[in-house]
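This report is meant to be read beside the sequence and the 3D view. Please look at the structure before going on.

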Amino acid sequence: MRKEFKNEFSWSFSRDNIFNECARKYYYNYYGSWGGWKKDSIDEVIRTLYVLKNLVNMKIWKGDTVHKEISRVLKSFETTDVIGSFESSVKRATKIMRDEFRFSKAKEYWSTDKSLRKVNALFEHEYELDISDEQWIENYNDVIKCLKNFYDSDIVGELKDIGCDSLITVDSITPTSFDYNGEIIYVNLDLAYKVDDEVKIVDWKTGTGESNPLQFVVYVFHANETLGTPLDKLSVIEYNLQENKKYVHRYNEQEIAEAKEYINKSISAMKSCLYDPVENKAEIGEFPRTEDDWKCAYCNFKKICFDLP
Ligand code: SF4
């Protein structure tokens, strides 16, 4: 018998980020929009929250395009042992960006039957921001630059040398889960591979901001739990494709213990807002709006948030 598709509680780094940013935004993302992918069978508010939840701004679109293309290249490498060419990546990414731009500009995301996890709907189009052609072109050029830096990176060089058998996981699209004290934790590893007895976890960055160490500690925690790799044999390579810079991070027992403690507290705080934590049931009134008004200017939900109770 097919398992019922339930809204189960889970924890992830991005979920924690949203919860800390604005509890109401968290509610819209994980509860209010649940079921909104069924275009014709749910109420208007749920559908609206679902569509808005899936909007991405142009910088995230850039990162998403780069991550998906790298994932395609590495998945092909996994089965063929051959890394494709930069030129073919440029061709594919260009076509995808053109198609997605047209789809988004026409706001077709409101009427599509497709899952909005597969196609991009842009915040700039929904909120009709004044973005010049030059800014769109610069965003596209950044994608190409990131792809070029990926192909030229020493990571690709190392993978070519050691071959596809070294790959442990390749994905940046579908998160994987693991169990921690009975809770589901989701992580989204871009790439993990083995060199001798060391495991390298790669996180591709495409922005210019500071990274958050918690995200990387959770990767190490995950690899340590699921692969059994000792901490001194695990590293996270943060590869900034925009700036073409690489940073290597390692974490010790103490840092993992602190991360676990943080996750426990974060889960407790999230669950304390639920009226039925066992069934993962939430009520909108338990999730207050942020008092930092400036956050609303960049929020996907701003067009509906203040019309709701
Ligand atoms: S519009 Fe403001 S208050 Fe509403 S969900 Fe977004 S950030 Fe929170």
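## Basis of the model

The structure is a predicted model.

## The sheet

An open sheet is formed by 3 strands, arranged in the order β1-β6-β5 with mixed pairing. Its edge strands are β1 (11-12) and β5 (176-180), each of which pairs on one side only.

Strand β6 (residues 183-187) and β1 pair in the parallel sense, over 2 bridges. Tyr 186, in β6, stands opposite Ser 12.

## Surroundings of the ligand

The residues around the ligand include Cys 22, Arg 24, Lys 25 and Tyr 28. Also among them are Arg 289, Thr 290, Lys 295, Cys 296, Cys 299, Phe 301, Lys 302 and Cys 305.

Two or more residues of this shell come from each of α2 (23-32) and α11 (302-305). Helix α2 gives the most, with 3 residues. Sorted by class, the shell around the ligand has 6 nonpolar, 5 charged and 1 polar residues.

## The two domains

The domain assignment of the chain gives domain 1 (31-152) and domain 2 (163-275). Their C-alpha centres lie 24 Å apart.

Across the boundary, 17 residues of domain 1 are in contact with 15 residues of domain 2. On the side of domain 1 that touches domain 2, α4 (58-80) and α7 (133-152) are the elements that give two or more residues. The largest share of that side, 12 residues, comes from α4. By class, this side of domain 1 has 7 charged, 6 nonpolar and 4 polar residues.

Conventions
Residues numbered from 1 in each chain as written. Predicted model: local features only at pLDDT ≥ 70, side-chain atom pairs only at ≥ 80, totals over all residues. Pairing = 2+ DSSP bridges. Helix = DSSP H or I, 4+ residues; strand = E, 2+ residues; numbered from the N terminus. Near = placed C-beta within 6 Å. Nonpolar A, V, L, I, M, F, W, Y, C, P; charged D, E, K, R; others polar. Domains from an automatic or database assignment. Contact = placed C-beta atoms within 7 Å.
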